[in-house]
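Here are my notes on the model, as numbered points. Please have the structure open while you read.

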Amino acid sequence: MANILITNRCNLNCSYCFAKSAIEDESKFITIEQLNKILFFIGNNESIGLIGGEPTIHPQFDQILSSIIDYSDNHNNKLKLFTNGINLKNYLNIIKKSNRFSILINCNAPSIIGENNFNKIKDSLDKA
């Protein structure tokens, strides 16, 4: 699987996060140009994972999804989104356009992420 790190930022602060030690003070977001260069090197039939931090907080996440879907339609790629699910409902209309997507949600208890965030995840799952 080709994993594409589209941001180093996250909207949570989980104590067990393996990526926390690699997160820098400065927010970094992949550009659409950088994404297209990466996609150029990914082969046909290769699985593509969108990872972060939290991918859905990328300011151009809708454009990234559209680009990845267009690419996968032409190259027969399976797609996987690794997310905490908090913002997922904002992008379900785009994700549902492709039958190539699977979603892996790292869901924590309300006592860890807060009741409000937990309810956002449940709301996204209800709409999926």
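1. The sulfur of C107 lies 10 Å from the closest cysteine sulfur, that of C14, which is too far for a bond. C107 is partly exposed, with a relative accessible area of 42%; here buried means under 20% relative accessible area, exposed over 50%, and partly exposed in between, with a 1.4 Å probe and protein chains only. A word on the ground rules: this is a predicted model, where local features need pLDDT of at least 70 and side-chain atom pairs count only at pLDDT 80 or more, while totals for chains, interfaces and linings use all residues. Residues are numbered from 1 along each chain as its sequence is written, and side-chain values use heavy atoms, with hydrogens and water left out.

2. What about C10? Its closest cysteine sulfur is also in C14, at 6.3 Å, again too far for a bond. C10 counts as partly exposed at 35% relative accessibility. A disulfide is a covalent bond between the sulfur atoms of two cysteines. With the cut-off for a disulfide set at a pair of cysteine sulfur atoms within 2.5 Å, the count is zero disulfides.

3. On to the sheet. Four strands make an open sheet in the order β1-β2-β3-β4, with parallel pairing. Two strands are taken to pair if DSSP finds at least two bridges between them; helices (H or I, at least four residues) and strands (E, at least two) are DSSP runs, numbered from the N terminus. At the edges sit β1 (2-5) and β4, each pairing on one side only. From one strand to the next, the twist averages 20°; axes are lines fitted to C-alpha atoms, for helices over the stretch in contact, and angles run from 0 to 180 degrees between N-to-C directions.

4. Which strands does α2 touch? Helix α2 packs on the sheet and touches β1, β2, β3 and β4, its direction making about 175° with that of β2; contact means heavy atoms within 4.5 Å. In a regular strand the side chains alternate between the two faces of the sheet. In β1, A2 and I4 belong to the covered face, and N3 and L5 to the uncovered one.

5. The structure holds two aromatic pairs. Rings of Phe, Tyr and Trp (its six-membered ring) pair if their centres lie within 6.5 Å, and planes under 30 degrees apart count as stacked, over 60 as edge-to-face and the rest as tilted. F40 and F41 have ring centres 5.3 Å apart and planes at 90°, so this pair is edge-to-face. Both F40 and F41 are exposed.

6. F61 and Y91 form an edge-to-face pair too, at 4.8 Å centre to centre with 85° between the planes. This pair links distant parts of the chain: F61 is in helix α2 (residues 61-75) and Y91 in the loop between β3 (79-83) and α3 (92-95), 30 residues apart. Are these two residues buried or exposed? F61 is buried at a relative accessible area of 1%, and Y91 is buried at 14%.

7. A search of the whole structure finds four salt bridges, each being a side-chain nitrogen of Lys or Arg within 4 Å of a carboxyl oxygen of Asp or Glu. One of them joins E33 and K37 at 3.5 Å, N to O. These two residues are four apart in helix α1 (residues 32-41), about one helical turn, and both are exposed.

8. R100 forms a salt bridge with D73, with the closest N and O atoms 3.3 Å apart. The pair spans distant parts of the chain: R100 is in the loop between α3 and β4 (101-105), and D73 is in helix α2, 27 residues apart. R100 is partly exposed at 23%, as is D73 at 45%.

9. Last, K127 forms a salt bridge with D123, the closest N and O atoms being 3.0 Å apart. Both lie in helix α5 (residues 115-127), four residues apart, about one turn of the helix. K127 counts as partly exposed at 45% relative accessibility, and D123 does at 22%. Salt bridges that share partners join K89, D123 and K127 into one network.
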